[in-house]
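Hi,

Here is the structure I promised to pass on.

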Amino acid sequence: MLFLLVPLLAGGWLAAHDLAYRLVAPGTHERHELLARSGHGYLHWAQLAIALSLALVLVGIALAARQTSAGWGERRSPAPRLALLPLLGFFLQEHLERIVQSGGFPLDAVLEPTFVVGALLQLPLSLLAYLLARLLLGAAESLGLVLAAASRRRFAPARLLLGWAVEQADLSPRPALALGYSERGPPLPF
């Protein structure tokens, strides 16, 4: 489940972060200056992070489908309180960006418009990511049930045939004399 939830929550967190800066500084030049002043130079790695997140989501879907098809566990819904993690992550991210940029702890970071807007956007976007994770988990489990049913149908004739052959064969132990053999072998030639 975490393979699904964590990348989706991180995606919602970063989307809210980006949207906050776009809303506060709608002009491209103004936004780039604001991002540069607040320590956002690492954002050129965002495409790689998005690709890795999508890969983790696909792995999570495959694992959930496999677990369901193999009957390895019950459905566990992610805890709703996990949807609050992006808010905490956003708070830490904004402060760490400014610590790296300026070298000091920014006490006034929470008063900046981008922080307030970003924090307000975290809750709806993380809730949306949480609901999407639940939807994908349900779809993966449905796929797992379909795969399990297909597997049972595929091997059903072989199981029936094998079961019939075992029922027809009398595999109970018999004494050696009843089979026409003596209990003892011939004497050894010395």
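First, the ground rules. This is a predicted model, so local features need pLDDT of at least 70 and side-chain atom pairs count only at pLDDT 80 or more, while totals for chains, interfaces and linings use all residues. Residues are numbered from 1 along each chain as its sequence is written, and side-chain values use heavy atoms, with hydrogens and water left out.

**Fold**

The protein chain has 5 helices and 0 strands, where helices (H or I, at least four residues) and strands (E, at least two) are DSSP runs numbered from the N terminus. Along the sequence that reads as α-α-α-α-α. Of its 190 residues, 26% count as buried. Buried here means under 20% relative accessible area, exposed means over 50%, and partly exposed is in between (1.4 Å probe, protein chains only).

**The largest pocket**

Rolling a probe the size of a water molecule over the atoms shows where empty space is left. On a 1 Å grid over the protein atoms alone, a cavity is a set of points where a 1.4 Å probe fits but cannot get out, whereas a pocket is an open set with protein on both sides within 12 Å along at least five of seven lines; lining residues have an atom within 4 Å of a point. Grid points are joined across faces, edges and corners, and a volume is the space filled by probe spheres set on the points.

On that basis, the largest pocket holds about 570 Å³ of space. Its lining counts 23 residues, with Ala10, Gly11, Leu14, Ala46 and Ile50 nearest the centre. Helix 1 (2–24) and helix 3 (46–70) each give at least two residues to this lining, and helix 1 has the largest share, at 12 residues. By type, the lining splits into 16 nonpolar, 5 polar and 2 charged residues.

**Surface and salt bridge**

There is a nonpolar patch on the surface, formed by Leu85, Leu88, Phe91, Leu92, Leu96, Val110 and Leu111, with about 660 Å² of accessible area together. Patches take residues with over 30% relative accessible area and no salt bridge, joining like charges within 9 Å and nonpolar side chains (Val, Leu, Ile, Met, Phe, Trp, Tyr) within 5 Å. The areas come from the Shrake-Rupley method with a 1.4 Å probe, and for residues only the protein chains shown count as cover. Phe91, in helix 4 (residues 85–102), is partly exposed at 35% relative accessible area.

The structure holds 1 salt bridge, meaning a side-chain nitrogen of Lys or Arg within 4 Å of a carboxyl oxygen of Asp or Glu. The partners are Asp18 and Arg22, whose closest N and O atoms are 2.8 Å apart. They sit 4 residues apart in helix 1, so about one helical turn separates them. Asp18 is partly exposed at 36%, and Arg22 is partly exposed at 40%.

**Contacts across the sequence**

His17, also in helix 1, is buried, with a relative accessible area of 3%. Its C-alpha lies 8.3 Å from that of Thr114, 97 residues away along the chain. Val117 is partly exposed at 25%.

Ile61 belongs to helix 3 and is partly exposed at 22%. Ile61 and Leu137 are 76 residues apart in sequence, yet 6.6 Å apart C-alpha to C-alpha. Leu107 is in the loop between helix 4 and helix 5 and is exposed at 68%. From Leu107 to His95 is 12 residues in sequence and 8.5 Å in space, C-alpha to C-alpha.

Cheers

Methods:
Nonpolar A, V, L, I, M, F, W, Y, C, P; charged D, E, K, R; others polar.
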